[in-house]
Amino acid sequence: MVPQVLIVGAGPTGLVLALRLARHGVTVRIIDQNSGPGQASRAMAVHARTLEFYRQLGFGDTVVDLGIRIEAIHLREDGHDIAELPFKDIGAGLSPYPFVLAFPQDDHERFLVEQLHAQGVEVEWNTELESFTQDEWGVRSVLRRDGERIACGTAFLCGCDGARSRVRESLQINFGGGTYDHLYYVADVKTDGPPNVDLVGHLGANTFALMLPVRSRGMQRLIGIMPEPKTDPAAGHAEPTFEDVRPVLEPLLGIKVAQLNWFSTYRVHHRVASQFRVGRCFLAGDAAHIHSPAGGQGMNTGIGDAVNLAWKLAQVLRAGAHGALLDTYQAERLVFARKLVTTTDRAFQMVVSQGTGGQLLRNWLVPHVLPVLTGFSAARRTLFKTLSQVQIHYPDSLLSGGRAGEIIGGDRLPWVPQADGGDNFAPLRSLDWQLHVYGNTDPLLAAAAQVLHLPLHAWPWSEAAEHAGLLEDAAYLVRPDMHVALALPRQELDALRELVARFQLRFAADAEPVSTSISASDTSSQY
């Protein structure tokens with residue numbers, strides 16, 4: 001079949017984008033210049049929002065079983081324990097996945113490749129994007145594999161090709177930001193003594209270090225700042241090795257390394273592309289934004305990009321939605337990326353700072369104040385919402401409108417467990433637009449939904465729904481990415497019809513494949 005979308009880069013962002021598009025019925029081609037999934041990747045945390053997206057695809061619980069739930073964070077400084085922060089079920093009542101999961105990116109990528117294979121899509125390894133051009137009819141790319149040039153024509157191109165993105169550079173998109181001074185290391189090791197199952201972190205001026213468990217190999221993943229070299233400058237710079245790290249790291253984390261699996265070094269950047277879209281070409285993941293390690297946000301943000309973009313491309317390609325729908329990808333994700341990079345950069349700079357602020361954070365706030373705060377349910381909920389990305393919202397999007405209870409258009413649909421053991425997230429596995437009502441359904445709304453072929457799901461009003469911030473007898477139009485588009489306190493039909501007309505939306509059984517030759521006026525106001 002002729003591919004409709006070319007995805008460049010088979011990291012977590014590109015793989016999830018391909019998976020979601022395939023599930024939406026879009027034909028994809030995904031390439032990567034590497035020979036296979038990463039072997040020395042460093043992203044470890046898989047947050048609740050990502051697991052909710054994976055549940056939509058049918059493998060959220062499988063990923064949980066492959067990883068390790070982080071039940072506590074043990075903080076150390078100068079070789080001593082200074083605080084323990086309990087993390088077990090920190091998000092209870094907020095998500096079906098109320099925890100932080102440790103699942104290393106290399107294992108993660110291999111798992112996603114297997115899931116994509118099950119969808120009938122194979123990653124084309126050892127294949128790079130050489131060049132591309134675009135016009136109102138599509139994108140024409142030239143690929144290179146084993147010295148051979150291959151022509152590829154698609155309706156859209158998505159650059160998920162990392163910090164050195166060929167797609168971004170070809171589009172001449174500015175990638176403003178900076179690079180941290182420190183050199184970082186990542187290693188897989190086996191330690192003496194009983195296996196660690198929690199996150200252990202060392203806080204110190206320029207001595208940041210983390211240890212997380214890796215289930216698949218019974219190893220520990222170590223991430224941190226390389227110590228200053230003690231070699232004679234006149235002797236030149238030898239390639240760093242784990243033995244340069246060992247004498248500093250072991251006392252900091254209170255461990256003894258018995259076996260080294262692999263070791264690598266890298267630089268950390270904080271950058272955001274000036275735009276995520278030019279015509280028919282899009283950027284996602286590290287090609288669009290890169291972050292400090294604070295909070296383990298980078299990979300999860302890239303996966304969020306993929307989910308946001310996939311359903312919009314599918315609506316245009318499969319259901320004939322207006323091309324203006326694609327403009328909302330940049331409008332929604334660029335704002336969030338900028339805020340996130342700024343926030344994580346500030347947090348990380350404080351953690352490793354040698355100044356007064358860093359000392360105050362490490363010596364007083366973290367060991368004395370933070371453990372007390374995490375003992376309060378409100379503080380725990382706030383921390384979970386921030387880390388897990390469940391509070392990402394798009395209130396200013398052209399797709400968002402209305403307020404019903406505490407929920408405004410653009411918010412993530414809150415999770416509501418049901419007395420029978422089910423929940424309101426179960427219908428979201430269809431990846432369709434849908435209406436949710438918590439209480440009584442107006443017959444006029446039901447009739448309108450039937451005409452629009454818009455699935456409608458209703459639940460009796462409950463204490464759980466009220467606790468989640470929903471409004472009794474209100475209706476919520478839910479997007480395929482589980483965000484509320486419209487919050488309709490009185491089940492208003494005019495707002496629903498206006499949104500449908502504005503973007504020429506078609507739902508469920510109404511959606512059929514359309515021509516991929518979309519005129520420039522329909523594709524983007526920026527083209």
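**Close-up views of a predicted model**

**View 1. Strands E9 and E10 pair in the antiparallel sense over seven bridges.** E10 spans residues 148-154. Strands here are DSSP runs of at least two residues, marked E and numbered from the N terminus. Two strands count as paired if DSSP finds at least two bridges between them. Valine 142 has alanine 151 in E10 as its bridge partner. The hairpin of E9 and E10 has two residues between the strands. In this hairpin, aspartate 146 takes a positive phi near 55 degrees.

This is a predicted model, in which local features need pLDDT of at least 70, side-chain atom pairs count only at pLDDT 80 or more, and totals for chains, interfaces and linings use all residues. Residues are numbered from 1 along each chain as its sequence is written, and side-chain values use heavy atoms, with hydrogens and water left out.

**View 2. Strand E8 runs antiparallel to strand E9.** E8 covers residues 127-135, and E9 covers residues 138-145. Eight bridges join the two. Serine 131 stands opposite valine 142 in E9. A hairpin through two residues links E8 to E9.

**View 3. Isoleucine 73 sits in strand E5.** E5 runs over residues 72-77. Isoleucine 73 has a relative accessible area of 13%, so it is buried (under 20% relative accessible area, with a 1.4 Å probe and protein chains only).

**View 4. Isoleucine 73 touches residues including Phe87 and Leu199.** Contact means heavy atoms within 4.5 Å. Ala83, Glu84 and Leu85 are also touched, with residues up to four places away in sequence not counted. Isoleucine 73 and phenylalanine 87 lie 14 residues apart in sequence. Their C-alpha to C-alpha separation is 7.0 Å.

Definitions and conventions:
Helix = DSSP H or I, 4+ residues; strand = E, 2+ residues; numbered from the N terminus. Buried < 20%, exposed > 50% of the residue type's maximum accessible area, 1.4 Å probe, protein only.
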